[in-house]
Structure formats: structure tokens, C-alpha cells
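Morning, everyone. Please bring up the model on your screens. I'll keep this brief.

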Amino acid sequence: MVDPAEVCVLVPTYDEAETIGEVVDRFREQGYGNVLVVDGGSTDGTRAVAEDHGARVMVQSGSGKGQAVREALESIDAPYVLMIDGDGTYRPEQADRMLEPLFAGRAEHVIGDRFADMEAGAMTRLNRVGNGLINRTFRFIHGSDYADILSGYRAFTRDSVRTMSLSADGFGIETEMAVECVKHGIPTTVVPITYEARPEESEANLRPFRDGAVIILTLYSMARTNNPLFYFGSVGALSTITGLGLAGYVAVEWFTRGISHEVIAVLSGVAVLFGVQLLMFGVLSDLIVTVNREQTAQFKRLAQAMNDDDVTLPIDDRDADGFDDVTDDATNDETETDDGRATSRTDGGAAEDDR
């Protein structure tokens, strides 16, 4: 059972005055009163509209969606976070659907799949192609299928997001979250959602080519710690192939025309050696990452087992205050006489007050 009181709705915005009011109202109608709008310096009155409709408003210190999300997460105390764009393309009425896997304990991170139910005109053909390319690249590099890693509708536990190392400032924040889920083994599930067309009066902040290139580079750069064999191996393979190609050219020129290309021959040798070394380094790095993941998983299982077990210390011959009722040979009991004076008794004999 989803409890809205334990949820903070996080809405990063930039010039969303035309839609943010309705988004806040629809969440409040669903019982989600804790709505935090993080604004990136809007000039169209977004902050005032959000406040008028009952949302808490925070102005980010930097710029970009990623920086807004990272800064907001530092100030959120609620155990569950529901993140959504403020452009009116997602349905607040599907909030319970997004949060249910978290409250049921089946997942710690939930991604809303826009492609499961996308309205006509909600995404241009160019954006569809770009999203498909990025999702396939993610599956190829990081080995997991999250269907729609760029979705702006997400739910996650506060504890799980604190294990992530997030540094993206712009739209790469969703990509980083997806990779970090794979890297840290965070239980993640995908929920089908409805993706609606952006209202005509609202302008998109996404720049397909530039932001798409940034996301692809983010996927590749994060492979360094999540899939080092691909990260180093891809460059190593390219270098090796290039070196072999140059070596073949030199050999053909030598045997067919008698022309020697000493410089090219040296470069080909260097390229092959460099490529082989990178391949070896990638294999070793992959082994280290694999061992580290296995050890981390074992520590997590051990910690979970210790939390699940009720470990109690046996209470033998102890009173309610935790003190021994029976004294041992080295314990002195102090007794008080009728006139208030104290005497001491040990196992070697009893002292009596005859005075």
C-alpha cells in the first residue's frame, strides 16, 4: 500500500510556468502534498506559479537538470522520491503505479517506460531514433535492458540513490542513474506509463544532437568502472586493427614495389603493441571489478542477514537492571546496621558490628 506521506515528489523545472501549476495540482489531488520544485533560474514566473499552487520551491545554485536533482536530493528527508518533469508530459495519476514496487519491496529504483503507451506526437521521429540508439548502446555496453533509460519519470528510495555517484549537470542525469543501478546491483524494475504530447504553449529544453552526443559519451565514459573490458578493449582493438592494417600496407608495398616505409612500419608496431596492452589491461580490470562486485554482494548479504536475525544476549542470573544477583568470591557486599553505620562482609568471614 503506497503511503503518500512518505513520498517527496521532485520536479526540476526551467521555464515551465504554463504547465507546472497543473502538475502540482494533480499530485495534490492524488494525496501527494510534499511536492518540491527545484527551479533552474526560470524567467517566466515558474517559481511563483508553483508556490501559488502549494509546492515548496527551491532555487538551484547552479544550472542544468542534473545539478538540480543532485542538489535537491541532499535536502530530501522522505524515504521515497518520485521524480518527474514539469512539462506536463507525464501523468501524476500514475504515481501509485510507479511507487508500488518500492513499497512492496520488489525494487529500489523504478523507471517509467514511455514507449509502452506513447501518444501520437509526443516524440518526434528524430527523438525516437535517438532514444532507440541510446537504449541499444546501453544494453550493449552495460548488459542490462531498462527499456527507456532516458525516462524522466522515476521512483527510488532515498537510501539507494545515496549509494550512487552522480556528477552530471544536464540531461545525462537519467543515464548516470541507470548505469549506477547496474554498477551497484540496485534492484530495478520498469513500469509501463503513458507519455503525452507536450502542450503547445510549452517549449522543449532538450537539444537532440548536443544532448544526445553528451549522453552517448556518458555511457562510454561510465564503462570505465562498470565494464572496463569494453572501455579499454574497444580502444585496444581499434588500435590493434589500425596497426595491422598499416603493417599490411607496408608489406604489400615492400613485396610488390620494393618500397620501404620505415616510419609507417614503426607506427604500425607501436599501434599493435599499444592495442594489445590495452586489451590486457581491460581483461585485468574486468577481473578486479568482478571480484569487487562479488565481495560487495557478500557483504550486503551478510549485513542483511545480521539485520534480519534477532540477536539477543542470554540473561543468566541477572535482575531487570542487568546486575548480577549472585556475587562471586571477589565481591564484597556492603550491609548497613540499624544505626546507619556500614560494615563489610567477604567470603573469608563476616564482620559483625557489636558496638
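First, the ground rules. This is a predicted model, where local features need pLDDT of at least 70 and side-chain atom pairs count only at pLDDT 80 or more, while totals for chains, interfaces and linings use all residues. Residues are numbered from 1 along each chain as its sequence is written, and side-chain values use heavy atoms, leaving out hydrogens and water.

Now the chain. The protein chain has 10 helices and 9 strands. Those are DSSP runs, numbered from the N terminus: helices are H or I with at least four residues, strands are E with at least two. Of its 355 residues, 39% count as buried. Buried means under 20% relative accessible area, exposed over 50%, partly exposed in between, with a 1.4 Å probe on protein chains only.

On to helix α8, residues 208–226. Its 19 residues reach 26 Å from first C-alpha to last, close to the expected 27 Å. That expected span is 1.5 Å times one less than the number of residues.

Which residues of α8 are buried? They are D211, G212, I215, T218, L219, M222, A223 and N226. They sit on the same side of α8, because they cover an arc of only 145° around the axis. The arc is taken from the directions from the helix axis to the C-beta atoms. Turned away from that buried side is a face with the exposed residues F209 and L217.

Next, the neighbours. Helix α5, residues 125–142, crosses α8 at roughly 5°, and the axes come within 10 Å. So α5 is roughly parallel to α8, a label for angles under 35 degrees. Axes are lines fitted to C-alpha atoms, for helices over the stretch in contact, with angles from 0 to 180 degrees between N-to-C directions.

What meets what here? From α5, the residues include L126, I134 and F138; from α8, they include F209, I215 and L219. Contact means heavy atoms within 4.5 Å. By class, this contact has 12 nonpolar, 5 polar and no charged residues.

Then helix α9, residues 228–257. Here the angle with α8 is about 115°, and the axes are 5 Å apart. Y220, R224 and N226 are among the α8 residues involved, meeting α9 residues including P228, F230 and Y231. The classes are 7 nonpolar, 4 polar and 1 charged.

That's my tour. Over to you.

Key: Angles under 35 degrees count as roughly parallel, over 145 as roughly antiparallel, 65 to 115 as roughly perpendicular and the rest as oblique. Ala, Val, Leu, Ile, Met, Phe, Trp, Tyr, Cys and Pro count as nonpolar, Asp, Glu, Lys and Arg as charged, and the others, Gly among them, as polar.
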